[in-house]
Amino acid sequence: EVLFNGVDIGQIQAVEPLPTQRRTVFFCGRHEDRKGLRILIDAFDEMPDDVDLWIGSDGPDTEALMERTRNDGRIHWLGRITDEDKFARLRGADVFCAPSLGGESFGVVLIEAMAAGTTVVASALDGYRNVATHDVDALLTEPGDARELAGALRQALSEPATAARLQAAGSVRAQDFAMSTLADHYVRIYRDVIARDA
């Protein structure tokens, strides 16, 4: 029996959302090709002027990508942030975007975004499909396809009913990965083992 990683949902939901004046997309991950930030920036070229992009963390591609977006006032480079700031931004953003190109074994950050009540737009990777289902609790797009990603972002930002439906389902899905749920599974497994050995 495989037990996935757990998330402290209560900790996330206890953080106050960071207030925003504009529609906002949040990315938080290492700035390297595998995480797909370059694809998200390509997609953002097609986004309306009234949408901001928060970019958390850093990495080997930071400098080049910052230079590329130097004249785009919608894009905000945050550098490394604390967990509390990440959770506040997850709760304040309209969309959390995870445009990874591959190498993702499990989508903990997607669970965190779902627990925060944020619409998730992510790549349709096997690792992310462990957590999210397209058009049920997230919008999943072909990895590396900036145009498809832009379309999903626009849909999440411009269709309030779709966003509300995904957020509601995401909140329910996040409970499957709550620390309390994980602890209950461990207790059940240990009781089963003890009963068999008795």
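Contact here means heavy atoms within 4.5 Å. With that in hand, here are some notes on the structure.

1. **Ground rules.** This is a predicted model, in which local features need pLDDT of at least 70 and side-chain atom pairs count only at pLDDT 80 or more, while totals for chains, interfaces and linings use all residues. Residues are numbered from 1 along each chain as its sequence is written, and side-chain values use heavy atoms, with hydrogens and water left out.

2. **A98.** This residue is found in strand 4; helices (H or I, at least four residues) and strands (E, at least two) are DSSP runs, numbered from the N terminus. Leaving aside neighbours within four places in sequence, A98 is in contact with L110, V121, A122, S123 and Y128. A98 has a relative accessible area of 5%, so it is buried; that word means under 20% relative accessible area, with exposed over 50% and partly exposed in between (1.4 Å probe, protein chains only). From A98 to R68, 30 residues away in sequence, the C-alpha to C-alpha distance is 20 Å.

3. **Strand 4 and its partners.** Which way do the side chains of strand 4 point? V95 and C97 point one way, F96 and A98 the other way, and all are buried. Two strands pair if DSSP finds at least two bridges between them. Strand 4 runs parallel to strand 1, joined by 2 bridges, and is also paired with strand 5 in the parallel sense over 4 bridges. V95 is the bridge partner of V25, and T119 in strand 5 is the bridge partner of V95. The chain goes from strand 4 through helix 5 to strand 5 in a right-handed β-α-β crossover (with the strands pointing away from the viewer, the path from the first strand over the helix to the second runs clockwise).

4. **S123, in strand 5.** Strand 5 covers residues 119-123 and includes S123. Its relative accessibility is 2%, so S123 counts as buried. The S123 side chain reaches the backbone oxygen of P99 at 3.3 Å. Not counting residues up to four places away in sequence, S123 touches A98, P99, S100, Y128, L140, T141 and P143.

5. How many aromatic pairs does a search of the whole structure find? There are 3, where rings of Phe, Tyr and Trp (its six-membered ring) pair if their centres lie within 6.5 Å, and planes under 30 degrees apart count as stacked, over 60 as edge-to-face and the rest as tilted. The F26 and W54 ring centres are 6.1 Å apart with planes at 80°, so this pair is edge-to-face. Because F26 lies in strand 1 (residues 23-28) and W54 in strand 2 (residues 51-56), the pair ties together parts that are 28 residues apart in sequence.

6. **Helix 4.** Helix 4 (residues 83-92) has K86, F87, A88, R89, L90 and G92 buried. Its buried residues pack against several elements, including helix 1 (9-14), strand 3 (75-79) and helix 5 (108-115). The charged end of R89 sits over the ring of W54, 4.7 Å from its centre; the criterion is NZ of Lys or CZ of Arg within 6 Å of the ring centre and within 35 degrees of the ring normal.

7. **L37.** Helix 2 (residues 37-44) holds L37, which is buried, with a relative accessible area of 1%. Apart from neighbours within four places in sequence, L37 is in contact with F27, H31, I55, L65, W77 and P99.

Note on methods:
Polar contact = N/O pair within 3.5 Å; in protein donor to acceptor, adjacent residues only side chain to side chain.
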